[in-house]
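Here is a short note for a colleague who is meeting this structure for the first time.

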Amino acid sequence: MSSGQDLERGGPKPVQYRPNSYAYAYGAEHSDRRWRAWLVPLIVIANVAMFVGVMYVNDCPRNVVGFDRECVAGFLGRFSFQPLAENPLFGPSASTLLKMGALKRDKVVDGHQQWRLISCMWLHAGLIHLVVNMISLVFIGIRLEQQFGFVRVGIIYLLSGFGGSVLSSLFLRGNISIGASGALFGLLGAMLSELMTNWSIYTNRAAALFTLIIIIAINLAVGMLPHVDNFAHIGGFLAGFLLGFILLLRPQYGWVESRLRPTEGRVLSKHKAYQYVYLVVALILLAAGFAVGLVMLFRGENGDEHCSWCHYLSCVPTSRWSC
């Protein structure tokens, strides 16, 4: 096997020198040097299949009690949805979600069901929740997978979702938490750090940075509404942001072209010094964050005791609703 072969890509491709070839290959959206995205579509299929399985287990017609309560879309039989008064998102009951692996702090800490930190990522509260998350995943995830491959995107997705679950468990003590939102915010965070660490290769980078920050800010602001687990969003975003510095490095501008020049004209390092600094700092912060979070969680500590104002990050009370 050739040493230049990339297992993620499926094999080596010939490199043709052209002026500014690195900027063309990596900085342009229409680059022809991309991975084929298959992991993100597979994740979408897995989430849809899980939702169908949860609805099968839920079996609304058998479990709804009372003449004044009717399943929504009853023609679907056992796949019909809970009454809208119970679940306005067209989905199963909370008890079914808990049974199927929803995140609940006491189940993780006291019940030793740590697997819920991962299983909750694959559950959704309803059809609306599922559709919104999967559309977001397709638009965000496929682009990243095409540019960086399934291994790195898969690691970011899973670890970001896990980070969101840990932070959520520390602050949401009485409620259940489900959904792929933490993992999705991790991909957004990775996009932001990727733009920062590979700043020199992009054109219109200021506009791209501004747009991305606005998108992230709007989504985090929506997370401050009632019944939305913004701690999962924040935890996922922070984990993905740090992972982007670690996993989404690109060679510095001009290094690719220099490989085609005589030895004395080559650039020795693939990356710039600031990229290595970002990587080391991010690696330390990520390891420390996971270590502190997990220790606090399994010691049964309450995050609110260490941060009296942090609950406002997930819900801001107003005259129209309480938290």
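1. At roughly what angle do the axes of helix H8 and helix H13 cross? The model is a predicted one, in which local features need pLDDT of at least 70, side-chain atom pairs count only at pLDDT 80 or more, and totals for chains, interfaces and linings use all residues. Residues are numbered from 1 along each chain as its sequence is written, and side-chain values use heavy atoms, with hydrogens and water left out.

2. The axes of H8 (residues 150–171) and H13 (residues 273–298) cross at roughly 40° and come within 10 Å.

3. On the H8 side the contact (heavy atoms within 4.5 Å) is made by Leu-159, Phe-162, Gly-163, Val-166, Ser-169 and Leu-170, and on the H13 side by Phe-290, Gly-293, Leu-294, Met-296 and Leu-297. Of these residues, eight are nonpolar, three are polar and none is charged, with Gly counted as polar.

4. Helix H7 (residues 127–148) packs with helix H9 (residues 181–197) at about 35°, their axes being 10 Å apart. Among the residues that meet are His-129, Asn-133 and Arg-143 of H7 and Ser-181, Met-191 and Glu-194 of H9, and the contact of H7 with H9 has eight nonpolar, five polar and two charged residues.

5. An unreviewed UniProt entry lists several stretches as "transmembrane region", including residues 37–57 and 121–142, although such annotations may be inferred rather than shown by experiment. In the model, residues 37–57 are 90% helix and 0% strand, with end C-alpha atoms 32 Å apart, whereas residues 121–142 are 73% helix and 0% strand, with end C-alpha atoms 18 Å apart.

Note on methods:
Axes fitted to C-alpha atoms, helices over the stretch in contact; angles between N-to-C directions. Helix = DSSP H or I, 4+ residues; strand = E, 2+ residues; numbered from the N terminus.
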